[in-house]
Amino acid sequence: MLRALLRRLLLSIPLLFVVSILTFVLTGLTPGDPAHTILGTNATPAAIAAINKTLGLDKPIWVQYWHWLTGLVHGDLGKSIFSSEPVTTILANSLPITLTLIIGAVIVSVLVGIPIGVASAQRSKSSGQLIDAFSLVGYAIPPFFLGLLLTLLFADTLGWLPPSGWVDPGEDFGGWLLSIVLPVLTLAIPGAAIVARQTRQGMLEVLSRDFIRSLRARGLSGRSIVYRHALRNSLGNVVTLLGLYVVGMLLGTTLVETVFAMQGLGSIAVVATNQHDLPVLEGAALYFTIVVIVAFAIVDVTRAALNPKLRTR
Amino acid sequence: MAVTFALPRPTARNGVPRALRRPVTIVALCILALLIIAAIAAPLLTPFNPVSNELADAFQLPSGKHWLGTDEFGRDLLARIIYGGRVSLVGVAEAVAVYLALGLTAGIIAGYVGGVFESIVVWIADVAFALPQIIVVLTILAIFANDSSAAMLALGLLGAPGLAVFVRGATKTVRAEPYISAARVSGLRTAQILIRHILPRIASPVIVQVALFAGTALLFQTGLDFLGLGTQPPAPSWGAMVSDGANYIGKDTWMVMPAGIVIVLAIVSFNLIGDALQDLRGDRVSASAVSVGAAIPGTGALTEQHIPGTISPERAAAPVSPSAVLSVRDLCIGTDSAPIVRNATFSLEPGECLGIVGESGCGKTMTALAIIGLLPEGVRTTSGSVLFRGTELQGASEREYGAVRGSGIAMISQEPAASLDPSFTVGDQIVEVIRRHSRLSRAAARAESLSLLAQVRLPDPAGVARRFPHQLSGGMAQRVLIAIALAGKPAVLIADEPTTALDVTVQAEILELLRSLRTEMGLAVVLVSHDWGVIADSCDSALVMYAGQVVEEAPIDAVFTRPRHPYSYALMESNPQRAAETRSILPSVPGSVPPVGQWPVGCHFAARCAFATDACREAPIALDLVADQHWTRCIHPTAVPSPALPSPTTVSEG
Ligand code: SF4
């Protein structure tokens, strides 16, 4: 298990470099932009040069990268060009929102998707077709559209839930819980559908293996065979799928945060994109990458815990 | 200098594959075609200008004039959808073009040439896989403001390594096939081989990937427009239309719907086409994996299973031995379309070992599985009776079987490694069975499991108990399975080819173990094997099966000194020892077992029998008593010579 984790972390280091260099090289292509953003389009060349000097943008790109890296080591990601706030402060406020949505969506998908998948694996083919249809549509509804539909139903029409906004759980826990229901649901509905589908397929595959007949021949109860043996052997692939789901959800949270007016990492990144606020965007890129790395590390560890072949020799 | 000889070309498909003819797939194709044609021919299809405001017409519901209603500026929604499709579909096309061009080229070269290039492709894919695409796309958009094309090209670039790795795998598989090496030998240039022979073979799985990627690309494209990062107002685009509608959702619920639904339909269509193509490939795989029932060729409706006259009146009327622990009478097994086993009858005394012999496909394993009610799906017992200690099992419920399996009748099978759950330790698996059949505490069950492992002569039981199945050798795994089988203290053990997968020395050890367990515990054993040597070594009596029928039944000495059925004789003569060593199935009995559903009317063995006469082929042959306890299904039993085989006792010493 430790080895799997180490391997994953070793793979992650080049990934972090690739992402940060990529964003740097790309942003380095247009050194005039931040100055224009600050000064407006009809700024004098002298003023632009002055701004570039204060921002360090007059230096070669690798020098800028080096500055950024050394800053990173000291926990400093620079300042927002737009608001002059430290990037770390901005992101520290938005990270919990994004993580809440992602973790919430994973929990709901698992809690709903796995039981449905298990139940349907023991039933007729038609329940499988229903799940296939659900996951097909769930996968195809863009989160921004699904979010709107849910808001329309639960907030505008029924009035059960707030239509948007993030409530700080420290201030109003109940309000926080209500505020995240719709965004989490928006992300979790397709999630639950694909988890159910994977669980069903995995269960059917495992239930057709030889050892299941052997377990029956030992007189074990159907309940033990399904829940203890078949489910356990199907979970590995579900966990892998959840990893991919989390990576895919980075686009999802970005859209959902915008729909529900939450200042998460994604919507911060979108605003930064609009404002050409490159330090914020670079910081968000770093955080997103770390989220992916952590998600994959959790997937690796969980898979190793589930599959003895991965942790023993 | 190219040598010309005919190269087998990939087989052409006959017409359109079935998965593509499914109604949903056709609908999906039509939707996409419609959207594309509409986008191209937009001015011809709608009289409205998608960007001209008609404020008087704002917020209208669908009507004869505006089929899908209007937006906040009175612009026709249908016109905006038709024109908006241009941005979205061009965006998807851009992403797909980059994805396909780069991914396919890099993948096919990596797969065919390999080497450093392959390693680089794989490494890049590893990194790209974990790269948050959205953030890269946002960075691109921060630089090239509102440049949808730049964003979509970048998305294609980010996806391409994934496709490359996929294509590489597919290419390697095709490359390994003989006709590719033939093409190389024939002097075709690499480029020609790639384009003419490899590309057509991997095309269909690649299209699956492309279809799924197109769905993702559309999600991205509309998402970016929704976020206001792509197409700028007033230009129409699907994503922007949803975001527009969202702004007025409190006032006009309808406005958001048309564009949202079109996006969903388009993505669903891409995915459906991908799924259909995938099923197309899946069909072939699953066709070979379907249960026995479906694989057996049908011979029309299954008429009567029990053929009158196939059992002599004496055999049918023979009383059930009161001491028998297991008694199978007149058991018939079949699918809906064909019989698999007919009229099997035998019984087993406590401590007895009965061997069931025959080639594969004769119904041995089905008979064994029928006893504990574990026939594969599609196969069932059609008539007859299975009595275990006087209780009828035929027709028993799962619950009733649950009370017998493991504790009354246990089973071990051919592939020891595949019979254990890979996720649990050996100890856990034994403890589970012990606790199922007793009221022992966890600790007591654990102790009991160790003593069982010791009983099957595994050195270091505690160490073995901690191991997982993949850490066991074949012989150890079979001992563990025997220990598990003993955990419920059964009276009968069914061993289906217990040694076939094992080395010869291990085989002998396992048979020796089974023998001593019989004497120690009074365990009755049904030993299923294709190998007379194994039967001779262990059994008290033998039951020979051929093409679904019991053809001979006798005490072991009798059958070896004087077989009364030509099939038994032929099996013995075919040198089982050598067959066992090479694991081939009796190479020297000429001909093969007639498949289920194609049995002849008369003697099933007639086609391969050296003593067959016309009488043999005319009518079903009955199982008749020819000597004390010696039954045969042959009308010329005296023609069968005695085999030149060593007697059972010498075999067991050898
Ligand atoms: S009945 Fe005839 S064909 Fe059948 S085994 Fe006997 S001799 Fe051969």
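**A walk through the helices and the ligand shell**

Helix H9 of chain B (residues 190-226) spans only 46 Å between its end C-alpha atoms, whereas a straight helix of 37 residues would span 54 Å at 1.5 Å a residue. That expected span is 1.5 Å times one less than the number of residues, and helices here are DSSP runs of H or I with at least four residues, strands being runs of E with at least two, numbered from the N terminus. H9(B) bends by about 55 degrees at B:Leu199, and B:Pro200, a proline, follows within four residues. The bend is the angle between axes fitted to the seven residues ending at a residue and the seven starting there. Just after H9(B) sits B:Gly228, with a positive phi of about 80 degrees.

Some bookkeeping before going on. This is a predicted model, where local features need pLDDT of at least 70 and side-chain atom pairs count only at pLDDT 80 or more, while totals for chains, interfaces and linings use all residues. Residues are numbered from 1 along each chain as its sequence is written, chains are lettered from A and ligands numbered from 1 in the order in which they are written, and side-chain values use heavy atoms, leaving out hydrogens and water.

Now for a helix pair. In chain B, the axes of H4 (residues 77-113) and H7 (residues 148-175) come within 5 Å and cross at roughly 30 degrees; axes are lines fitted to C-alpha atoms, for helices over the stretch in contact, with angles from 0 to 180 degrees between N-to-C directions. Ala, Val, Leu, Ile, Met, Phe, Trp, Tyr, Cys and Pro count as nonpolar, Asp, Glu, Lys and Arg as charged, and the others, Gly among them, as polar.

On to the ligand: its shell has nine nonpolar, two polar and no charged residues. Among them are B:His565, B:Cys603, B:Phe611 and B:His636, with a heavy atom within 4 Å as the cut-off.

Chain A, finally, has 13 helices and zero strands. Its C-alpha trace spans about 85 × 55 × 35 Å along the principal axes.
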